[in-house]
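Thanks for coming. I have one model to go through this morning. Please put it up on the screen.

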Number of protein chains: 2
Amino acid sequence: VRLSGDYGRLRERLAELSDVRKAGELLAWDQAVTMPAAGAAARAEQRATLDRLAHELLTAAETGRLLDRLRTFEESHAPDSDEASLIRVTRRQYERERRVPAALRGEMAAASAHGLVAWAEAKRTRDFQLLRPFLERSFELRRRYAECLDEAGDPYGALVGAYDPDVGSHDVDAVFGAVREELVPLVAELAAHDDAVAGAVLERRFPAEAQCALAREAVEAIFGFRPGSWRLDPAAHPFFASGGVDDVRLATTFMKPGLYSLFATLHEGGHALYEHNVDPALARTPLAGGASASAHESQSQLWDLVVGRSRPFWRFFYPRVQAAFPGELGGVQLDAFCAALDRVRPTALVERSGEVEFTVHLLVRVELERELLAGTLAFRDLPSAWNDRVERYLGVRAEGDEGVLEDPHWADGLIGYYPTYTLGVVVAVQLWERACKDLPGLPAGIERGEFGELRGWLREHVHRHGRKFTLPELLARVTGEQIDPGPYLRYLQQKFRERVPA
Amino acid sequence: VRLSGDYGRLRERLAELSDVRKAGELLAWDQAVTMPAAGAAARAEQRATLDRLAHELLTAAETGRLLDRLRTFEESHAPDSDEASLIRVTRRQYERERRVPAALRGEMAAASAHGLVAWAEAKRTRDFQLLRPFLERSFELRRRYAECLDEAGDPYGALVGAYDPDVGSHDVDAVFGAVREELVPLVAELAAHDDAVAGAVLERRFPAEAQCALAREAVEAIFGFRPGSWRLDPAAHPFFASGGVDDVRLATTFMKPGLYSLFATLHEGGHALYEHNVDPALARTPLAGGASASAHESQSQLWDLVVGRSRPFWRFFYPRVQAAFPGELGGVQLDAFCAALDRVRPTALVERSGEVEFTVHLLVRVELERELLAGTLAFRDLPSAWNDRVERYLGVRAEGDEGVLEDPHWADGLIGYYPTYTLGVVVAVQLWERACKDLPGLPAGIERGEFGELRGWLREHVHRHGRKFTLPELLARVTGEQIDPGPYLRYLQQKFRERVPA
C-alpha cells in the first residue's frame, strides 16, 4: 500500500527509520552470536553510524514539519487508531530526542563503550577503583541527560520515564517501598528454613547439548512461533533481538548450573512473543515493538516467573526435563524438584538468587543509584555502602568489591533501568490475575501443555497494540488498574508462606 | 585520527557510507546463513533502505562540492597516494552514480528481486516461458542503464565497465575470441580421451561433517587469516562477505558430490584474503575492497584453480583429504586422484564442468547476452539458441529449457558479468607467472605446505592497494602487461595436452 499526502510521507520516513534501527539490532545480534571476535572495532563504528543516522532521520526538521501538519489529521482519528497513535508516539519520540544535544548523545555512547571495557577489567581484578572514574562520568552524563528531559524537578523520574513513558518516581517509590516493607522480612523468614540438601539438585551443571535441545523443545511446546520465524543460539548472556515480526532471535548461555538456560529461554521467549504478535499493520513504524522497557519485562517475566515456576506448568513439563537429564533428575520426584526450584537462600550475588531475593537485590541497586544521582552518596563510598545495604536487607555480606562489580548496568549508562525488572513482574502478576479471571480454565490447560489460550489472550490485550499505549495506559485498558505491587506481593506471600512449617 | 578541512569532511562522509554498505553486506550474509526463512520480506525492505541511504550519501550535492574543492589538494599528491586515490576513485563512483536516475535504480532493484523469484519457479518447473517476461524486462532496464553510462557507443562495454572500470568490449573480444579458437577444439580432443572409470571417485557424495572439517583445515593451513577474524558456514551457495578487514566470512554448500566444498572454500578464501589484506589505512573508505569484479575473481581463482589444482599443492594436501575420507579415498593413489580432478568431460550443465569446459560455457553465455542486448537474438528463441550453441562448442545437447535456466545471473540483472570469471582466471595466470618469476621457490614451498611467501607477494603487489587502481592499472604495475589470454591458454594447453596419449 502506497500512502500519499503528509501521512504517507511520514510513514515512508518512519519505515526508513525502522529499517535502519532493525539493521542496528541485527548487527548487535551478530556481534553477540556470530561475529568473529576481531571484528569488534569495525562493528562499533558501524553501529554508531546506524544510531546516528536513525537519530538524524527522527529529529530532522522535515519530521517536525510533517508532525505539525498532521495535527488536524490526528485529531480526526480516534486516539487508539493506528493513525493517531503513530503520530502521537512519533511526536513524543521526536520531542524527546530533539531535547538531547547530539554532542551529549555522542558522549553517552562513547562513555558506555569505555565504561563496559573498564567494568570487565575491574570485575576480572575485583578492583572497584578501576571502574570508579567511569561510573562518575556515566552518572554525570545521565544527570545532564535528565536535565534535558526533566519537566518536574525529578531527575531520577526523568531517567525512569525515558525507559517507561508515563512512569516516574512515584511508581518506583510505591513498588520498592512495598518491597522493603514486605519482602525483606519474608526473605529473612524463608532463609531460616532453607533446605540445602533439597536445593543441591539444581546446583550441578547439566550437559550443555541436552540443555540446548531442551530449550528448543520448550520454545516449540510453549510459544507457538510461526514456522521458520525464530532461532535460538548460544551466547555469553541471554538476550532477545528481532529483525521483524517473523524474524525473532533468542540467545542464552548453557554454561551455568541447573536450569538457568531453560528459564532464560522462557524469559527471552516472552520478549520474543510480544514483538512476534504485534499487529503486522504496525510493521516498519515506531509502534512495532513493546510499549516500554517495563512492559517488555512484564511479558518475559510472565513466562519465566509466573507461568514457568507454577505447579501446573511443572506437572506438564517436568517429565520432559527428566527425559533430558535422566542421570541427574530421573530419581528426583516433582515435589522435591519444585522445592529446589523455589529455594530461598539469600546470597551476596544476584546471579544465584531466587525470585524473591532477586527483587530485594534490585531494591539495593535502586536505592543506591538514587543516592548517587542525588549526590548524597559518594562514589568512593559505594562498595562499602553496597555491602552494608546487602547485609541489612539480605543478611549476607559480599566480600570486597565483588557485589558492586557484579553487573554492568551503571557502567553501560543504564541508570534508572533497574526498576523496570520489578515494575515488569508487578505488572506481569496484575495481567496474570486478569487473564485467570477471563480464562478460568487457564491453569488446567497449562497442566495439559496447552498455552494457546494464554497466548491468544496476550495477543488480543497486550501484544497486538505494540507501542500504541504507554504501560499505564495499557494496564488501565486491560485491568482498569494502575501499577500496583499488591497482587505481586500477595502472589509471593501465598506461594512461599505455605512452604514455611507452621 | 580526526582529520580537519574538506579532506577530513570527505573521509567522514565516506566512513559513514562505508558503514552503511557494510551493514547491508552483513544483512545479506545473515539472510543467506542465519536468518529464519520467514524474515525474508522484512529483510528485503531493510536492504533496500540501506542501499538507498548509501546511494544518497554518495550522490549528495555535498559530496560533489567536497570533490570539487579538493581538486588542488588531489593534484598536490602523487596519483598512487592514499589521498589522491581516494578522491579519484570517489569521484569516479560519484559521477557514475549521478548519471543513473534514482527511479531506474529502484526499478532495477525491484526487477532483480522479482526476476529471482520467477527464475526459481521456472527452474523448478523447467519452463523458460515463466521467466521470459522477466528476462526481457531485466535486459531492457540494463539497456537503459548502459545508456546512462555509455560514452563510446558500446552499451555492452559500458555494462562490463560498470563491474570493471577501464575494461571494455575489446578485452572481452580478445579473451573470448581466443577461447573460441583454442579451447573449443581442446575440449573436443580431451573429451575423446575421457576416462569415466577414473573420474568416478569424485562423483560420489562424501560425508558433510568431514567435508566441513576438511574445509576448515584447508583455511587454517592455507590462508593464514589473523586469529579470530574469520568464519566458515554452510549455505545454499558458496559466497564471501566481510564486515571489515578482521571480519571475513566464507560460506559454501556441503551437499554436492566430490570435493566441491573444498574448491569452493579455496575460491571464497581467495576473495576473503584479498579484502583481509587491504591496507588498514584504507578502512572505512571506498578503497577498502577489491579493485573490481574481475580483480576479485583473479584472487579467488588463483587459489581455487591455479594453486588448488596444481600437483605441488596436492602432494601436500592429498594425505589430509585421504585422512578425512578414508573409506572413499584411502585406496586411491595421488595420480589417480589428480586424473579424476582434471577430468575433461563436456556436459550440458556448467555445474558438473571442469575448468576448461567451464570457460567454454561462459563463451556461450557471453555470446548470447551480447546478441540479446543488441536485439539480434529474440528472447523466444533463446532456449533453442542456447542448446544449439552448447552443442556447437561442447558437443553435447541440453534437454529443453534446463540449460538456459541453470543459473540466475540474467534474472538477477547481472548482464555483462559473466566475462569477469574468465577475465579473472586470465589475470590470475598472469599474476601467477609473475609471482613464480619473483619467487623461484614457490612450487617447492607449496609442496611443503608453505603458503606465506605467496600470500606476502600478493599482499605487497595486489591486496594492500585495495581499490586504488583499476584492474588494468594494477596489472600494468605488477607485470607490465595488459590483460592477455595467452598465459592462461598456454597454462591449459600444457596442463592438459600432456594427458592426451600421443
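Before anything else, a definition: contact here means heavy atoms within 4.5 Å. This is a predicted model, where local features need pLDDT of at least 70 and side-chain atom pairs count only at pLDDT 80 or more, while totals for chains, interfaces and linings use all residues. Residues are numbered from 1 along each chain as its sequence is written, chains are lettered from A in the order in which they are written, and side-chain values use heavy atoms, without hydrogens and water.

I start with helix α6 of chain A, residues 102–125. Helices are DSSP runs of H or I with at least four residues, strands are runs of E with at least two, and both are numbered from the N terminus. From first to last C-alpha, the 24 residues of α6(A) reach 35 Å, close to the 34 Å expected at 1.5 Å a residue; that expectation is 1.5 Å times one less than the number of residues. Buried residues (under 20% relative accessible area, 1.4 Å probe, protein chains only) in α6(A) include A:Leu104, A:Met108, A:Ala111, A:Gly115, A:Ala118 and A:Ala122. An α-helix has 3.6 residues a turn, so residues three or four places apart point the same way. Part of the cover over the buried residues of α6(A) is α7 of chain A, 128–149. After α6(A) comes A:Arg126, with a positive phi near 50°.

Next, A:Ser298, which sits in helix α13 of chain A, residues 293–307. Its relative accessibility is 2%, so A:Ser298 counts as buried. The A:Ser298 side chain reaches the backbone oxygen of A:Ala295 at 2.6 Å. What of its contacts beyond four places in sequence? There A:Ser298 touches A:Gly424, A:Val427, A:Ala428 and A:Leu431.

Now chain B. Three strands there form an open, mixed sheet in the order β1-β3-β2, where strands pair if DSSP finds at least two bridges between them. β1 (230–234) and β2 (239–244) of chain B are at the edges with a single partner strand each, so one side of each has no neighbour in the sheet. β2(B) and β3(B), residues 247–252, run antiparallel and are joined by 5 bridges. In that pairing, B:Ala241 stands opposite B:Arg249.

Last, the interface. Chains A and B bury about 2600 Å² between them, 57% of it on carbon and sulfur atoms; buried area is the accessible area (1.4 Å probe) lost on putting two parts together, summed over both. A:Glu16, A:Pro36 and A:Gln46 supply 19% of the area that chain A buries against chain B, more than any other three residues.

Terms used. Buried < 20%, exposed > 50% of the residue type's maximum accessible area, 1.4 Å probe, protein only. Polar contact = N/O pair within 3.5 Å; in protein donor to acceptor, adjacent residues only side chain to side chain.
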